[in-house]
Amino acid sequence: MKNNTEAIGKPVEFKVHRAPKTTRQYERAGDILEWIRVIEKHGDRLVFSYFDKKRNVIDVTYAEFAELIRKTAAGLTEAGYAGKRVAVIGENSVIWLASYCAILASGGIAIPMDKELDMEAIEGLLESVDAEAIVYSASFNGKFANAMKAHKSLKLFIAADPDEAEAANECVLSFEALCAKGELAVRNGYTYPAVENRDKLAVMLFTSGTTGTSKSVMLSQKNVFSVASAAAATVNFYPDDVIVSLLPIHHTYELACNLAGMLYGMHICINDSLTHVLKNFKIFKPTALVLVPLYVYTFYKRIWSEAKKSGRDKKLKLGIGASKAMRSIGLDKRRDIFAEVLNSFGGRLEKIVCGGAALNPRMIEFFDNLGITIYEGYGITECSPLVCVAPYFARKYSSVGPAVPCCQVRIDGERMGEKGYIEGEIQVKGDNVMIGYYNNPEANEAVFTEDGWFRTGDVGFMDADEYVFITGRMKSVIVLENGKNVFPEEIEEYLGNIETIAECAVVGRQSGETVNLVALIYPDYTKYPEGTANGVIEKDIEAAIMAMNKTLPTYKQIKKIELRSVPFEKTTSRKIKRHLLK
């Protein structure tokens with residue numbers, strides 16, 4: 001194995017985009033009880049705002065939320081489920097988060113579930129981890145009828161908002177009744193049990209493979225809260241920031257950011273529907289967002305689409321040029337020049353943390369030009385999930401930054417990459433790395449090195465400043481007949497620069513002894529007049545790809561394209577399901 005930062009030849013030096021370094025305003029927490037003590041100190045500050053059924057905004061203070069956690073934990077204890085394995089499923093909500101925290105605080109094991117899975121898969125996964133109870137939202141009322149009769153492990157069903165039929169079922173306990181039990185117990189002196197071992201199993205998550213290949217990731221409280229504290233230490237957020245929660249809360253990325261945000265004392269507004277996102281931005285006026293790349297691309301395309309519709313696209317381009325010129329002499333007028341664009345995000349948006357997949361550096365530069373700073377991060381479920389984040393005070397476009405304070409990163413490889421650095425698998429060691437996969441010794445043996453490092457399966461390199469750059473996934477690598485490796489993610493980044501492409505994926509197709517790179521394309525149909533024939537669209541995109549090919553080495557060039565009429569199927573973290581591609 002080569003030294004992590006050893007470069008062969010003349011390595012590329014990446015430009016550093018610097019900003020003033022500021023003091024982080026937060027308290028660390030090492031476990032759920034320390035975390036609760038921190039949020040209790042925030043008192044009457046708003047922690048959540050959400051919509052009720054009539055779309056009235058309801059506010060919740062930190063003191064109220066802390067009390068709800070206490071009542072829920074006490075209620076679980078009174079119901080006989082302290083220390084048990086309890087699942088949570090449903091839309092992002094105060095009840096979801098309170099339940100998750102209360103399960104941990106009562107000594108139990110929390111099992112966040114993906115609400116988008118079908119019921120057969122949900123029930124099977126819950127059985128595979130021996131879940132004993134589940135808290136579920138109103139959208140699941142009636143859906144657990146079969147499980148209530150015959151599930152092998154589930155015994156208690158806690159309904160957040162039961163309808164009449166649900167409330168009549170003897171297996172069901174309403175969340176309100178659970179809290180009533182807890183409130184009485186609190187009045188009688190209930191206290192949280194001590195966290196005696198932070199390394200003990202506390203959370204069970206499922207990787208986002210197919211239900212047949214999905215593995216259960218076991219995390220400890222040390223894992224979860226080392227990441228929450230590391231995020232708070234490295235991300236340029238403040239107590240007065242307002243964020244809108246858009247990503248599914250069962251996903252470790254969104255959950256970790258929520259836990260970290262509450263260490264700051266931030267205000268978290270819960271989005272009720274993807275169709276209401278821009279409307280909700282105008283209501284909540286966020287200063288910051290936590291996103292995956294798909295949202296960034298969507299916002300980028302919407303900005304240009306709206307500009308073109310109103311005939312202001314030339315004005316937008318001129319504004320960007322003028323803004324750059326003024327900034328070069330120390331004059332920053334971005335928020336004045338682009339006020340109209342910024343108003344579509346509520347008028348106060350200043351920063352975005354983006355993770356979950358690689359982001360085209362053009363997006364970072366574009367939003368920077370508008371006055372919105374994007375900080376890239378990198379993580380994986382098995383690392384709770386945070387591994388790296390770009391420092392707000394010294395960003396390098398294309399890099400996800402150095403390792404966060406709770407872990408170390410190394411590159412396991414021998415091959416020199418095109419940038420002049422050793423390229424190989426990204427491996428991680430630290431407080432964020434999972435206990436292991438549940439009941440899966442073969443997978444555990446495969447995913448840890450002999451000296452105890454976690455193998456991410458992602459490929460990248462590390463520069464002389466220990467900034468990590470991701471180039472692809474080992475599983476998705478395409479091996480050509482000449483032995484060269486092509487990472488589809490890299491080619492997809494180039495394709496993403498073509499404005500008429502909405503979504504794309506690159507696959508390798510065998511043709512005799514040759515492996516050809518084929519681009520599967522979902523066009524941005526809004527870029528063409530209504531009724532444009534598919535043949536015309538295909539020729540237009542093909543011409544753009546042929547022009548792109550001229551900028552790439554021969555072995556990385558696309559040989560064929562295939563248009564799709566529908567978007568790609570995605571995970572709830574908005575990644576294309578590559579295993580479905582052919």
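Predicted model: local features only at pLDDT ≥ 70, side-chain atom pairs only at ≥ 80, totals over all residues.
I then looked up how the two strands are joined, and found four bridges between E6 and E7 (residues 156-159), which run parallel. I traced the chain from E6 through helix H5 (residues 145-150) to E7, and this β-α-β crossover is right-handed.

Next I checked the pairing of E6 with strand E4 (residues 85-89). Four bridges join them, and they too run parallel. Here I noted Val88 opposite Val135 of E6.

Are the two faces of E6 covered or open? I found both covered: Ala133 and Val135 on one side are buried, and so are Ile134 and Tyr136 on the other.

I searched the whole structure and got three cavities of 30 Å³ or more.

The largest cavity has a volume of about 50 Å³. Its lining includes Tyr100, Val203, Leu205 and Ser384. I asked which elements give two or more residues to this lining, and they are strand E9 (201-206) and helix H9 (252-264). H9 has the largest share, four residues. By class I have eight nonpolar residues, two polar and no charged.

The second largest cavity holds about 40 Å³ of space. Among the residues I listed around this one are Ile364, Glu376, Arg395 and Lys396. Strand E15 (residues 373-379) gives the most to its lining, with three residues. Here I wrote down five nonpolar residues, one polar and three charged.

Technical notes:
Residues numbered from 1 in each chain as written. Heavy atoms only, no water. Buried < 20%, exposed > 50% of the residue type's maximum accessible area, 1.4 Å probe, protein only. Pairing = 2+ DSSP bridges. Right-handed = clockwise from strand over helix to strand, strands pointing away. 1 Å grid on protein atoms, 1.4 Å probe; cavity = no way out; pocket = protein on both sides within 12 Å on 5 of 7 lines; lining within 4 Å. Points joined across faces, edges and corners; volume = space filled by probe spheres on them. Nonpolar A, V, L, I, M, F, W, Y, C, P; charged D, E, K, R; others polar.
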